[in-house]
Amino acid sequence: MKKYNFLIFPLAFVLSFALGIIIFDKARSDSPTKYPYYVEAQASPEASSLPTDDATPVASPTADASPVADVTPLASPTADATAVASPSSTAPPAASPVLDPYAPELFKVKARELTMKLSWTKVKKANQYQIYRKKKNGKKFKKIAITQDTTFVDETVLPRETYSYKIKSRYKSGKKNVLSSFSNEKTDKISVLSKIKKIKAKGSPLYGKKVKLFYDAYGHVISHPEKLFPSAPSLKGPYEIYVNKSKNQVLIYSRKKSYYVPVRNYLCSVGPITPTGSYSLGERYRWRSLVQGYQGQWSVRITGHFLFHSVPYYSANPNNLATAEYNKLGTTCSHGCIRMQAGACEWLYRNCPAGTPVRLYFSSAKEPLKKPKLVKIQTTYDPTDPEYTPRS
């Protein structure tokens, strides 16, 4: 027996190994879910590549029901409930814009008749405001004016154009003047509408006749038709001239078949002896001697010694204007002739030929267009004179 002792240990090892295999195989058949990695190894490659409810969340971007999803957020791009998986929650907060305390706030840009009215906030320490403008589709803003006020009226706009505006303030920083950044931007359009109206004012010489008037987008009558028709190309005569002596206002109409179109609206000064009635234009003079040795530009005869002419000059020199007389325009102050600004007289001189009808009358009735306002001057030349350029 002793001679077989050397076989005991190898035989015991073989029996122990066989028993272990039997026990392991029994445990695998009874409880396969205890060995998930072994089960996955048996699955087909196609099945393992598809997202299933049994797959782990690492392999399944849509496994919302997985109890492990909350602890594996990086592998689940659709896990909205996970703070780490949400790009908006991980991104740093957006930086607040740095506001320039010296930049004004532009709160009003409004088209009114053929002007643009602007208003902005007052900036502390500001000693000047600069106005910038561009047209629709313009490439950049251009400076158009400087003011110390917080309002501005842009009278250089054109009909049917759209304009945008921005403002800068200038202020003292130490000993230097510094410009702020731009204000916000505001935009409006110079709209032009038209309507033919029947004149109902019984005191008007056009009573019962039709007049074509132009309006802005807010229903205001445009009182400066010269901006609509700079040279009246589509409204060539015949013209008719109406002078209301009680208002010191001249209206020039283009007469159409069934209505009148106002093409010019001028301020004037008549005199106590200026006649009333209907006349026709006569001779014209580039310069004409007036009473008391004065000279008048662009003079056109109405009747007798009554003429349309400019404000008097001390001599036949456009830089020798009687400034005090210019500043009386719109009042009854002439010696009988009808005074107007040089620009108005020049237009009448060139566009209203001899024979053009003129009607002079008194009437308190409302005219189709408002009487223009005078901007008083201190210069010795007429700012409307088309043929005089002041020295800079």
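**View 1. The whole protein chain, for orientation.** A residue is called buried at under 20% relative accessible area, exposed at over 50%, and partly exposed in between (1.4 Å probe, protein chains only). What you're looking at is a predicted model, where local features need pLDDT of at least 70 and side-chain atom pairs count only at pLDDT 80 or more, while totals for chains, interfaces and linings use all residues. Residue numbers start from 1 along each chain as its sequence is written, and side-chain values use heavy atoms, with hydrogens and water left out. The protein chain has seven helices and 19 strands; these are DSSP runs numbered from the N terminus, with helices being H or I of at least four residues and strands being E of at least two. Two residues are in contact when they have heavy atoms within 4.5 Å. Take the contacts between residues at least 6 apart in sequence, and 60% of them join residues at least 24 apart.

**View 2. The largest pocket and its lining.** A pocket comes from a 1 Å grid over the protein atoms alone: it is an open set of points with protein on both sides within 12 Å along at least five of seven lines, whereas a cavity is a set where a 1.4 Å probe fits but cannot get out, and lining residues have an atom within 4 Å of a point. The largest pocket has a volume of about 1200 Å³, that is, the space filled by probe spheres set on the points, with grid points joined across faces, edges and corners. Its lining runs to 31 residues, and Glu155, His224, Glu226, Pro372 and Lys373 are the ones nearest the centre. Strand S2 (115-120), helix H5 (225-228), strand S13 (260-267) and helix H7 (342-351) each give two or more residues to this lining. S13 gives the most, with four residues. Sorted by class, the lining has 13 nonpolar, seven polar and eleven charged residues. For this sorting, Ala, Val, Leu, Ile, Met, Phe, Trp, Tyr, Cys and Pro are nonpolar, Asp, Glu, Lys and Arg are charged, and the others, Gly among them, are polar.

**View 3. Glu113 and its partner Lys370.** Side chains of opposite charge can pair when their charged atoms come close. A salt bridge needs a side-chain nitrogen of Lys or Arg within 4 Å of a carboxyl oxygen of Asp or Glu, and the count by this rule is ten. In this one, Lys370 and Glu113 meet at 3.4 Å, N to O. The pair links distant parts of the chain, 257 residues apart: Lys370 is in the segment after strand S19 (357-361), and Glu113 is in the loop between strand S1 (106-112) and S2. Glu113 is buried, at 10% relative accessibility. Its backbone deserves a look too, with a positive phi of about 55° although Glu113 is not a glycine. Most residues other than glycine have a negative phi.

View 4. Glu387 is partly exposed at 47%, as is Arg286 at 29%. Arg286 and Glu387 also belong to a network of salt bridges with Glu346 and Arg350.

**View 5. Lys168, a charged side chain without a salt bridge.** Lys168 is in strand S6 (residues 162-173). Lys168 is buried, and the nearest side chain of opposite charge, Asp100, is 8.9 Å away; Lys and Arg count as positive, Asp and Glu as negative, and His and the chain ends are not counted. Leaving aside neighbours within four places in sequence, the contacts of Lys168 include Tyr129, Tyr132, Leu179 and Phe182.

**View 6. Gln292 in its loop.** Gln292 is in the loop between strand S15 (284-289) and strand S16 (295-303). Gln292 is exposed, with a relative accessible area of 64%. Its phi is near 60°, a positive value in a residue other than glycine. From C-alpha to C-alpha, Gln292 and Tyr314 are 9.6 Å apart in space and 22 residues apart in sequence.
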